[in-house]
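The following questions and answers are intended for a reader who is meeting this structure for the first time. Please view the sequence and the model before reading on.

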Amino acid sequence: MTTTSHGDVYIPFDEAMSRYEPIIGIETHVELGTNSKMWCGCSTDFGSDANTQVCPVCLGLPGSMPVVNRVAVESTIRIGLALNCNIAEWCRFARKNYFYPDMPKDYQISQYDEPLCYDGYLDVTVDTPDGPQVFRVEIERVHMEEDTGKLTHTGGATGRIHGAEYSLVDYNRAGIPLIEIVTKTVIGTGSLAPEVAKAYVKELRDVMRALGVSDVRMEEGSMRCDVNLSLNKPGDGWGTRSETKNVNSLRSVERAVRSEIERQASVLDNGGRVIQETRHFHEDTGRSTSGRSKEKAEDYRYFPEPDLVPVAPSRDWVEELRAGLPEMPSVKRARLKEEWNINDFELASLANSGALDLVEATIAFGVDSVAARKWWTGELLRVANEQGVELEALSVTPHDIQQVESLITSGALNDKLARQVFEGLLAGEGTVEEIIATRGLAVVSDDGALLAAIDEALAAAPDVAEKIQSGKIQAAGAVVGAVMKATKGQADAAKVRALLLERLGVSE
Amino acid sequence: MGDLFRQNASVLANAIATKEVSAVEVTQAHLDRISAVDGKVHAFLHVNAQAALEQAKAVDAKVAAGTTLGPLAGVPLGLKDVLAMKGEPTTAGSKILEGWRPPYDSTVVQRLRAADIVILGKTNMDEFAMGSSTEHSAYGATHNPWDLDRIPGGSGGGSAAALAAFEAPLAIGTDTGGSIRQPASVTGTVGVKPTYGGVSRYGQIALASSLDQPGPCARTVLDTALLHAAIAGHDPMDSTSINAPVPDVVAAAKRADVRGMKIGVVKELGGEGYQAGVSQRYAEALEILQSLGAEVIEVSCPSFEYALGAYYLILPSEASSNLARFDGMRYGLRVGDDGNNGVEQVMSMTREAGFGPEVKRRIMLGTYALSSGYYDAYYGQAQKVRTLITRDFNAAFEQVDVLVSPTAPTTAFKLGEKLDDPIAMYLNDVATIPVNLAGIGAMSLPIGLAPEDGLPVGFQIMAPAMADDRLYLAGGALEAALTDRWGHLLIEEAPEL
Amino acid sequence: MTSISRADVAHLGRLARLELTESELDHYSEQLDVILQSVARISEVAADDIPPMSHPIPMVNVFRDDVVKPSLTRQEALAAAPATEDDRFRVPRILDEE
Ligand SMILES: [Mg+2]
Ligand SMILES: [Zn+2]
């Protein structure tokens, strides 16, 4: 049992799971990667100077009016179809009314009881000691809304909202299309709840990527999760749920579920009552703190947005979008497993390391599947882990690997030299060719040069030649090593050995 | 020609195009008129003489260069202060927006500029267009040029008074429940509320988005049609804008013919509760229409009795949301920011200080009507009533081409008379509101003075959605017959100021 | 329909961000009652099978193309702000976490 500075008490997870069953639900917000915002022509580029991507519409100036971005609707339908949802024949936007300084109109245009997509599911796979287990996470709805501006809290010690003297608002993000994906309650996960939650968010992220509708970068906030959780004793009715906000990495999804189970179990163990409240997750501590209690919740006074007309996607349009959907990640994984002839474990490790698409792209360039996997999950994954970045963030492309591999096949490079090429690519030293040229990387295949180096090595160690000639062939290693050293690794070791033995008139 | 400021818009435009007068002279004449009389009327909140004269100068240059101009080029106009105009003060009659200068033009302003119509300045209005008397302006009431102790109607009382006081021959209004037509009625001028979506709302500070509609105001039916044509038409910036050709309102105003037209008298709009002189003039107007060859029949719209109730739920509900953005964070007034108060407190103090009593009353009402547990009984039920009213209109328009009624139950009442009685104030709009609920178009035009008080009476014509030309066809015919009878326009009888 | 108490008015005032005075609390609880009673007649309409009408002119699918258009300049965007700092809108401290 641990107690945080906020007074929350946590009991060990296994102990919690021995007495309670968790029920989870996840709300995910995804920023769409459209060119322009949801209601206006302002750019959605990330990282621009503050308040340079704003106009009367997204600043909510008096008199301005929204107009729906067609691609945002299209992307939402595609997401809905990918998540096996029904697509509404007719639906409306609604105003969600509450005051907040990051929201220019003091209402958010969202959807309320008429979401564009509803009643879908996403199957996710979780590794268990008994092998992979599939859970079906049912999707309640996928709806369209708009993002808010970005607040910076100034003054005070922490840079957090509490204790700040005032705040600054940049409205560049205000009005960026936001999609909210809400699951139905997920029951029956038992102690796998944290893993199921994480696997769901990860699978969702992969689906978004496959669709190309968002860059889904959790660290930049283009994908954000809220986790709902309640506990109950087996056989009892459902407990009161809390909503943990601000869960902004895959790891945090798992941690947030785990820690909330530990916290609620402790409350219930002590005869307490779980409060229906919003909690805020903190990446640094892995714990959440209590926020606004739902019992004094805002009354959002939803009503149909009178400035927008209904969305009524024709069935033709929906079918056209369905026909254009890419292969879904789960289908793709099954296909690649077969094509590459790998087992579940290998597939999982490729998928988990983020290497799947990269390996596939590399193979598409004509590289052998074993070699493609070797480079991405070996040398390159090691570097990515060292640098703490995703594989795809490395400055090595599938095309680079194809070039290196073809040079290895032709004998111009060996594995050791190839590693140096990658080292150069990662250091930004230029293209494969440029690095080979500037670093002078090439297998020395000129027999004359190699023989000269061999003679030099033999002269430096006359007793070794005798040993070899007297049958101790393993002594050849020292000479080969010396030659490799003299040629800075650019020689083919096998070839050096063969030339050495030939020189000494010895055969193996 | 006589005093330039007494001339109608089409006359002025013609004189400017033929170089009989310059646009600068016309503009200056109106600016002088404003200087002379607006101290009494207070139709304008803001006049930008320099910008108006520059615009006029540009028109004269175009005339000199032989450029083909629009039919209202060089004619001055008063713009209701609810429409955004780049760089010019735009307050919606509220203290909370004092000093705000929008960084953009409303679509209506863009079209006025494109038509070379000279914008003199911004006209007074009830705060955020909430009211029927222009007494709810944070910047003082506007006075009716017919009797300075009386209200000019509202919310667009400034625009109507500017026309009646000959301060401008054209004006723009906005009509949510009668704010163009009722002021026209009590000032002896013409005003049209186009079909919802006929004129872009982009840049109109929203009151009730599903009811609001900008429209033209003038002293004659033809001038109103010319202005209507200048500002109407599809706008991609307004999602509710109608993407279809605008009916030819100018041709209709010129044709001015009711022969064979079926005119429906709405039984529920008239009789009890209507001032005797209003009913009398109304009956005479119906006789005239009949004598011109129209067939006048009575129709019933039973759901109209629920219109006022539905309106006073829908309007405050939408307004409570539309007015949320006035929170002192990004523009306008900010009160209580002493470094100690939190943001919620500063927002609340700002809104408390910045909004007038009528605005607060309606925000409270709307917040209540939308709040959880009440939505279905109020807003939801009101939206159903809207369907019923629309069905009544549709049924009536199967029998007749246009519907008619008095525009307002009374002539202009005294300033202050109904200020503390919201219900009495709301009743002024009883005849104009059904039109907004159904989204159709309607016109008010003057049909004489009530014998008991010598004040103008307005006649309302209502046409099916997207058939605004019928308003002008009937209105033009009635106006012509009355002008014939009187020998001049009614407005000529307005007292000297 | 229910009548509106002073406490109801205070709650509505908080929802609507209006720092109402004591006399306004009294005044509005009276007036809102009167207004609500006068509009309450709409509940007489039996309208179970009547669809609500949210848009006067029925239209659907009004979209714009996903094309970037020029924004305001930052100067224009910030010009009317009551307070700015570091090219941002400066707002009072936020006491209640959302
Ligand atoms: Mg949301
Ligand atoms: Zn924008």
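Two strands pair if DSSP finds at least two bridges between them. The model discussed here is predicted.

Q: How many bridges join strand β5 of chain B and β6(B)?
A: Strand β5 spans residues 190-193 of chain B, and its pairing with β6(B) is antiparallel. Within this pairing, B:Gly191 has B:Cys217 as its bridge partner. The number of bridges between β5 and β6(B) is two.

Q: Are the residues of strand β6 of chain B buried or exposed?
A: B:Pro214, B:Pro216 and B:Ala218 point one way from β6(B), while B:Gly215 and B:Cys217 point the other way. A residue counts as buried under 20% relative accessible area. For strand β6, residues 214-218, five of its five residues are buried.

Q: What is the angle between the planes of A:Trp317 and C:Phe63?
A: Over all chains the structure holds 22 aromatic pairs. One of them is formed by A:Trp317 and C:Phe63, with 6.1 Å centre to centre. This pair crosses between chains, from helix α5 of chain A to strand β1 of chain C.

Q: Which ring does B:Arg6 lie over?
A: In chain A, A:Arg258 lies over the face of A:Phe13, 4.4 Å from the ring centre. In chain B, B:Arg6 is placed at 4.4 Å from the ring centre of B:Phe166.

Technical notes: Residues numbered from 1 in each chain as written. Chains lettered and ligands numbered in written order. Predicted model: local features only at pLDDT ≥ 70, side-chain atom pairs only at ≥ 80, totals over all residues. Heavy atoms only, no water. Buried < 20%, exposed > 50% of the residue type's maximum accessible area, 1.4 Å probe, protein only. Helix = DSSP H or I, 4+ residues; strand = E, 2+ residues; numbered from the N terminus. Phe/Tyr/Trp six-rings, centres within 6.5 Å; stacked < 30°, edge-to-face > 60°. Lys NZ or Arg CZ within 6 Å of the ring centre and 35° of its normal.
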